[in-house]
Amino acid sequence: MVLPNSAGPFGIHVLPEYDETGHEMGLVIQSIDPSGRVHSDGRLKVNDCIIEINGSSLINIDFTKAQEIFKLALVDSELRLRVIEGAE
């Protein structure tokens with residue numbers, strides 16, 4: 001999924017996603033801000049799990065590092081996400 005980076009808040013709140021053994025498996029979307037770009041785009045949903053951002057895998061990456069990858073990606077012209085829909 002490719003989202004253009006434009007002005008305004010991105011508008012998602014994420015938490016780390018873990019597998020049954022406790023390994024980090026990406027960032028699960030906990031909520032979507034109705035005033036953000038994600039809500040306007042309409043493709044990402046609550047409980048979707050982001051597993052890659054602009055070519056950087058989030059698998060087995062701690063939450064702080066995953067957040068850093070996300071923030072750095074927000075300065076690029078576009079945001080390329082690999083997403084697993086409806087992760088629990």
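**Briefing: a predicted model of 88 residues**

Of the 88 residues in the protein, 36% are buried (under 20% relative accessible area with a 1.4 Å probe, counting protein chains only). This is a predicted model: local features need pLDDT of at least 70, side-chain atom pairs count only at pLDDT 80 or more, and totals for chains, interfaces and linings use all residues. Residues are numbered from 1 along each chain as its sequence is written, and side-chain values use heavy atoms, without hydrogens and water.

**Overall form**
- The radius of gyration is 12 Å, which agrees with the value near 12 Å for a compact globule of 88 residues (taken over C-alpha atoms; the rule is 2.2 Å times the number of residues to the power 0.38).
- The C-alpha trace spans about 40 × 20 × 20 Å along its principal axes.
- Of the contacts (heavy atoms within 4.5 Å) with a separation of 6 or more, 58% join residues 24 or more positions apart.

**Elements**
- The protein has two helices and six strands (DSSP runs: H or I of at least four residues, E of at least two, numbered from the N terminus).
- Their order from the N terminus is β-β-β-α-β-β-α-β.

- Strand β2 (residues 12–18) pairs with strand β3 (residues 24–32) in the antiparallel sense, over six bridges (pairing needs at least two DSSP bridges).
- Val-14 has Ile-29 in β3 as its bridge partner.
- Five residues lie between the strands, and Gly-22 takes a positive phi near 90°.

**Surface**

Methods: Buried means under 20% relative accessible area, exposed over 50%, partly exposed in between (1.4 Å probe, protein chains only).
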